[in-house]
Amino acid sequence: MSVNRDISDPEAVKISDALLEITGEAILACDFSRFAPAFALPHPITTFDTKRTVETRAELEAIFDANCAYFDELQVTDIARKCLSADFDGPDCVKAMHITHLMSGNNRVKDPYPGFSVLTRTDGVWQVSKSDYAVGADAGLTLALNKINE
């Protein structure tokens, strides 16, 4: 007998989905001023092939710009992301997992990939403080991270 036990906290899922919505809309609009406040610095980011700690707003903006250019090249019209699981790890920390689908119209342009985020609340504001993405060397984020490392 299979038992489906979702251990997610509905409030934690709401926090994650809100940040996913804000950042997704900012990426599609290539609006760094809307994107940046959602991220705490320094900000560790990992992919399968790269590990980087983003230290400055300028580094975050360079990664953002490179990722926007990559999405533009793929003709991404929608970044469909949804929190799959989230739970509180203390009153000011949420650990969350989401899935991302990059779409161009009705066509998926990349295989969906999971991401794991640590969300922290500082002075009443929730931000992403750590990000891990299950993407390889050919992903836009990995390429952007490697460009910053050069």
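Where does Ser-16 lie? Ser-16 lies in helix H1, and I will come back to that residue once the overall fold is in place.

Some ground rules. This is a predicted model, in which local features need pLDDT of at least 70, side-chain atom pairs count only at pLDDT 80 or more, and totals for chains, interfaces and linings use all residues. Residues are numbered from 1 along each chain as its sequence is written, and side-chain values use heavy atoms, with hydrogens and water left out.

pLDDT is the predictor's confidence in each residue, from 0 to 100. Its mean over the protein is 88, and 86% of the residues reach 70 or more. Confidence is lowest in helix H4, residues 140–149, with a mean of 56. It is highest in H2, at 98.

Now the fold. The protein has four helices and seven strands. Helices (H or I, at least four residues) and strands (E, at least two) are DSSP runs, numbered from the N terminus. Along the sequence the pattern reads α-α-β-β-α-β-β-β-β-β-α. Of the contacts with a separation of 6 or more, 56% are between residues 24 or more positions apart; contact means heavy atoms within 4.5 Å.

Next, burial. Buried means under 20% relative accessible area, exposed over 50%, and partly exposed in between, with a 1.4 Å probe and protein chains only. Of the 150 residues in the protein, 43% are buried.

Helix H1 covers residues 10–28. The expected span of a helix is 1.5 Å times one less than its number of residues. For the 19 residues of H1 that gives 27 Å, and the end C-alpha atoms are 27 Å apart, so the two agree. At the start of the helix, a side-chain oxygen of Asp-9 comes within 2.8 Å of the backbone nitrogen of Glu-11. Just after the helix, Cys-30 has a positive phi of about 50°.

Several residues of H1 are buried, among them Ala-12, Val-13, Ile-15, Ser-16 and Asp-17. What do the buried residues of H1 pack against? They pack against helices H2 (32–35) and H3 (57–73), and against strands E3 (78–88), E4 (93–104), E6 (113–122) and E7 (125–133).

Back to Ser-16. Its relative accessibility is 4%, so Ser-16 counts as buried. Beyond its neighbours within four places in sequence, Ser-16 is in contact with Cys-83, Ala-96 and Leu-119.

On to the core. A nonpolar core is a set of buried Ala, Val, Leu, Ile, Met, Phe, Trp, Tyr and Cys residues joined through side-chain atoms within 4.5 Å. The largest one here has 33 residues, and those with the most contacts inside it include Ile-27, Phe-35 and Leu-119. H1, H2, H3, E3, E4, E6 and E7 each supply at least two residues of this core. H1 gives the largest share, seven residues. In soluble globular proteins, nonpolar side chains tend to be buried together. Phe-35, not counting residues up to four places away in sequence, touches Thr-23, Ala-26, Ile-27, Leu-60 and Phe-64.

A few backbone details. Leu-41 and Pro-42 are joined by a cis peptide bond, with omega about -5°. Pro-42 sits in the loop between H2 and strand E1 (43–46). Gln-75, in the loop between H3 and E3, is not a glycine but has a positive phi of about 60°. Is Gln-75 buried or exposed? Gln-75 is exposed, because its relative accessible area is 56%. Asp-123, in the loop between E6 and E7, has a positive phi near 50°. At 79% relative accessibility, Asp-123 also counts as exposed.

Arg-52 is found in strand E2, residues 51–54, and Arg-52 is buried, with a relative accessible area of 15%. A polar contact of 2.6 Å joins its side chain to that of Glu-59. A polar contact is a pair of N or O atoms within 3.5 Å; within protein, one must be able to donate a hydrogen and the other to accept it, and residues adjacent in sequence count only if both atoms are side-chain atoms.

Lys-130 is in strand E7 and is partly exposed, at 30% relative accessible area. The side chain of Lys-130 makes a polar contact of 2.9 Å with the side chain of Asp-132. Lys-130 and Ile-45 are 85 residues apart along the chain, yet their C-alpha atoms are separated by 6.1 Å.
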